[in-house]
Amino acid sequence: MQNKLFLKAADICELLEVKQTSAYEIIGNLNKELEEQGYLTLRGKVPTKYFVKRFVVFLHGIVHTHSRNIPVVGQGFF
């Protein structure tokens, strides 16, 4: 998923371990935020960079947020 410009519902289901209906709701909410900022959106997809910016993503033992990195101790994520 690293090289994808956009994430689909199936990708979000896998990343967040949610059902497809929840993934579509997340996509809709994120796209609404982008539209309010003046961006064009694609229905059923969300830009990967924006998804990562808005969600805490666990990569290699570090919790990445849009403002800081926090080490995760004793957790074997990914």
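So, Asn31 is found in helix 2, where helices are DSSP runs of H or I with at least four residues, strands are runs of E with at least two, and both are numbered from the N terminus. Residues are numbered from 1 along each chain as its sequence is written, and side-chain values use heavy atoms, with hydrogens and water left out.

Back to Asn31. Is Asn31 buried or exposed? Asn31 is buried, at a relative accessible area of 6%; buried means under 20%, exposed over 50%, and partly exposed in between, with a 1.4 Å probe and protein chains only. Setting aside neighbours within four places in sequence, Asn31 is in contact with Thr41, Leu42, Lys45, Val46 and Pro47, contact meaning heavy atoms within 4.5 Å.

Let's pick up Leu42 from that list. You'll find Leu42 in the loop between helix 2 (20-36) and strand 2 (45-47). Leu42 is partly exposed, because its relative accessible area is 42%. Together with Leu5 and Phe6, Leu42 forms a nonpolar patch on the surface, with about 310 Å² of accessible area together. For patches, we take residues with over 30% relative accessible area and no salt bridge, joining like charges within 9 Å and nonpolar side chains (Val, Leu, Ile, Met, Phe, Trp, Tyr) within 5 Å. The areas come from the Shrake-Rupley method with a 1.4 Å probe, and for residues only the protein chains shown count as cover.

Now, salt bridges: a side-chain nitrogen of Lys or Arg within 4 Å of a carboxyl oxygen of Asp or Glu. How many are there by this rule? The count comes to two. In one, Arg54 pairs with Glu33, and the closest N and O atoms are 2.8 Å apart. That pair links distant parts of the chain, with Arg54 in helix 3 (residues 48-54) and Glu33 in helix 2, 21 residues apart. Arg54 is partly exposed at 40% relative accessibility, and Glu33 is partly exposed at 22%. The other joins Lys4 to Asp11, with the closest N and O atoms 2.9 Å apart. Here Lys4 is partly exposed at 37%, while Asp11 is buried at 9%.

On to the rings. The structure holds one aromatic pair. The ring centres of Phe51 and Phe55 are 4.8 Å apart and the planes sit at 20°, so the pair is stacked. The rule: rings of Phe, Tyr and Trp (its six-membered ring) pair if their centres lie within 6.5 Å, with planes under 30 degrees apart stacked, over 60 edge-to-face and the rest tilted. Phe51 is buried at 3%, and Phe55 is partly exposed at 24%.

Leaving aside neighbours within four places in sequence, Leu16 is in contact with Ile26, Phe51 and Phe55. Leu16 and Phe55 are 39 residues apart along the chain, and their C-alpha atoms are separated by 9.6 Å.

Zooming out, the chain has three helices and five strands, running β-α-α-β-α-β-β-β from the N terminus.

Last, confidence. The chain averages a pLDDT of 78, pLDDT being the predictor's confidence in each residue, from 0 to 100. Over residues 65-78, pLDDT stays under 50. Where pLDDT is low, the predicted coordinates should not be read in detail.

Definitions and conventions:
This is a predicted model: local features need pLDDT of at least 70, side-chain atom pairs count only at pLDDT 80 or more; totals for chains, interfaces and linings use all residues.
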